[in-house]
Amino acid sequence: MNKIILGVACLALTVNVSAQTMKETIGKHFLIGAAVSTRNIYSQDPKVKSAIVDNFNAIVAENCMKGEAIHPEENRYSWDDADATVKFAEDNNMVVTGHCLVWHSQAPRWMFKDNDGKTVTREVLIDRLYHHITNVVSRYKGRIKGWDVVNEAFEDDGSYRKTQYYNIIGPEYFELAFKFAHEADPNAELYYNDYSMSKPGKRDAVCRLVRDLKAKGCRIDAVGMQSHNGTDYPNLNDYEASIDSFAACGVKVMMTELDINMLPSPQHFGGADISQRFKYDKTLNPYVNGLTKSAQKLFNERYLAFFKIYAKHKDQISRVTLWGVSDADSWLNGWPVPGRTNYSLLIDRQYNVKPVVKDIIKLFK
C-alpha cells in the first residue's frame with residue numbers, strides 16, 4: 001500500500017514539475033514577458049488571455065504607447081488603449097514597460113512641423129518633446145516600471161541616426177529626454193533600446209551614450225537589446241560580448257523584442273528598420289503549411305542557444321520580452337515581406353506553448 005501511495009506521489013510530483021511555466025521558473029531570475037497588441041488585450045478568446053497570463057509576468061504595449069498612437073494631435077491624447085493595457089497588467093499582477101517615448105519612426109506626425117508646414121525651431125521641438133514625455137509618463141506614474149526613453153538612435157557603425165530629433169536639437173536630445181522622463185516619474189526605470197546590438201560599432205556607441213548620460217547626472221537603468229534574431233544571425237559570440245559590455249557600464253541588460261525569423265531574407269535585407277519593404281515572392285514563404293522537420297530542429301536549437309546565454313548571464317539581465325504573444329500575432333508575418341507565414345515565437349497559432357519551452361525551462365531549474 002505504501003508503495004502505491006509513494007508511486008502516486010512521485011507521479012504527481014513529476015506532472016507538477018513538467019507543467020511549470022516560464023514565469024514560474026525563468027521569472028525567478030528576471031522578468032519574462034511578451035509584447036501585446038490591443039487585439040490581445042480586448043480579445044474574448046480565453047486561450048489568448050491564458051497564453052499571456054500563464055506564461056509571462058511582464059508585458060509591453062506593441063504599438064499603442066508609440067507617439068503617433070498615443071498623441072495624434074498636439075493638444076489631443078488618445079489614452080484608451082494604453083489605459084486598457086496597463087489595467088490588464090494590473091488585473092493580472094504583471095509588470096508593464098512603456099514603449100516608447102522618443103523614436104524617429106511612428107513619431108507624432110505634427111511634432112516636427114509648424115502650422116505652415118515648416119520645420120520647427122530647436123526651442124519649439126524641445127518644448128514639444130518636454131510636454132509629450134511629461135504628460136505620457138506622468139499619466140502612468142507609479143504604474144509603469146520603466147520606459148524605453150530613446151529608441152533606435154544609432155546606425156550600425158555607431159554614428160548618430162540623423163533623425164529629426166538629432167537634426168533639429170542635436171545630440172543633446174538624449175540628455176533632455178532622459179531628464180524629462182525622470183522628472184515626470186522619479187521612481188521609474190529608464191532605458192535605451194536598439195536593434196543589431198551585437199554589432200561592434202553600435203555596441204561601442206551605446207556604451208559611450210550610457211557613460212555620457214551617467215556623467216551628466218541622468219538616470220539610465222538598462223540597455224535594451226531588441227534581439228530580432230534569425231537562423232544564422234547574430235553571431236553568438238558578438239551577442240554575448242554586448243551583454244558583458246553593457247553590464248560593464250553599470251546598467252542591466254534586457255532582451256526587449258525577442259523573436260527568430262524562420263523565413264529566407266530578401267536580398268539587401270538587414271537589421272530591424274521598419275521602413276524596409278520587399279515584394280512578395282513565394283520562394284520567400286516556404287512554410288505555409290508548417291515548418292519542416294529540419295526547420296523545426298533549427299528553431300529549437302536557436303532558441304536554446306539564446307536562452308543558454310540568458311541563463312549564463314542571468315545576474316546581468318533584468319528582462320527578456322518576446323515580441324508578440326503567438327506566431328499568429330508576430331509582426332514577422334507581414335514584415336519585411338507582406339503576406340508570409342512565420343514561426344518566430346514560443347507559442348503557436350492555437351496559443352499552445354511549443355515543446356522546446358520545456359527544454360528552455362530546464363536551463364533555469
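**Figure 1. The largest nonpolar core of the predicted model.** The largest nonpolar core holds 108 residues, and those with the most contacts inside it are Trp147, Val150, Tyr192, Tyr303, Phe307, Tyr310 and Leu346. Helix H12 (residues 293–312) provides the largest share of this core, 9 residues. A second, separate core has 7 residues, among them Ala35, Val60, Phe269 and Trp331. A nonpolar core is a set of buried Ala, Val, Leu, Ile, Met, Phe, Trp, Tyr and Cys residues joined through side-chain atoms within 4.5 Å. Buried denotes a relative accessible area under 20%, exposed one over 50%, and partly exposed a value in between (1.4 Å probe, protein chains only). Helices (H or I, at least four residues) and strands (E, at least two) are DSSP runs numbered from the N terminus. This is a predicted model, in which local features need pLDDT of at least 70 and side-chain atom pairs count only at pLDDT 80 or more, while totals for chains, interfaces and linings use all residues. Residues are numbered from 1 along each chain as its sequence is written, and side-chain values use heavy atoms, with hydrogens and water left out.

**Figure 2. Surroundings of Val150.** Val150 is one of the residues with the most contacts inside the largest nonpolar core. Not counting residues up to four places away in sequence, Val150 touches Val102, Tyr173, Phe174, Ala177, Phe178, Tyr191, Tyr192 and Asn193. Contact means heavy atoms within 4.5 Å. Tyr192 likewise belongs to the residues with the most contacts inside the core, and Val102 also lines the largest cavity.

Figure 3. A search of the whole structure finds 3 cavities of 30 Å³ or more, and the largest has a volume of about 50 Å³. On a 1 Å grid over the protein atoms alone, a cavity is a set of points where a 1.4 Å probe fits but cannot get out, and a pocket is an open set with protein on both sides within 12 Å along at least five of seven lines; lining residues have an atom within 4 Å of a point. Grid points are joined across faces, edges and corners, and a volume is the space filled by probe spheres set on the points. The lining of the largest cavity consists of Lys66, Gly67, Cys100, Leu101, Val102, Trp103, Ser105, Gln106, Ala107, Pro108, His132 and Tyr165. Strand S3 (residues 95–103) gives the most to this lining, with 4 residues. By class, the lining comprises 7 nonpolar, 4 polar and 1 charged. Ala, Val, Leu, Ile, Met, Phe, Trp, Tyr, Cys and Pro count as nonpolar, Asp, Glu, Lys and Arg as charged, and the others, Gly among them, as polar. Cys100 lies in strand S3 and is joined to His99 by a cis peptide bond with omega of about -5 degrees.

**Figure 4. The largest pocket.** The largest pocket contains about 420 Å³ of space. It is lined by 25 residues, of which Ser196, His228, Tyr233, Pro234 and Gly271 are the closest to its centre. Strand S7 (228–230), helix H11 (236–248) and strand S8 (252–261) each supply at least two residues of the lining. The lining of the largest pocket divides into 10 nonpolar, 11 polar and 4 charged residues.

Figure 5. Asn93, in the loop between helix H6 (80–91) and S3, has a positive phi near 55 degrees and is not a glycine. Asn93 is exposed, with a relative accessible area of 70%. Ser227, in the loop between strand S6 (222–225) and S7, also has a positive phi, of about 70 degrees, although it is not a glycine. Ser227 counts as buried at 6% relative accessibility. In the loop between strand S9 (317–322) and helix H13 (356–362) lies Pro336; the peptide bond from Trp335 to Pro336 is cis, with omega near 0 degrees.

Figure 6. Thr321 lies in strand S9 and is buried, with a relative accessible area of 1%. Leaving aside neighbours within four places in sequence, Thr321 is in contact with Gly33, Ala34, Ala35, Val60, Met255, Thr256, Glu257 and Leu258. Of these contacts, Ala35 and Val60 are included in the second, separate core.
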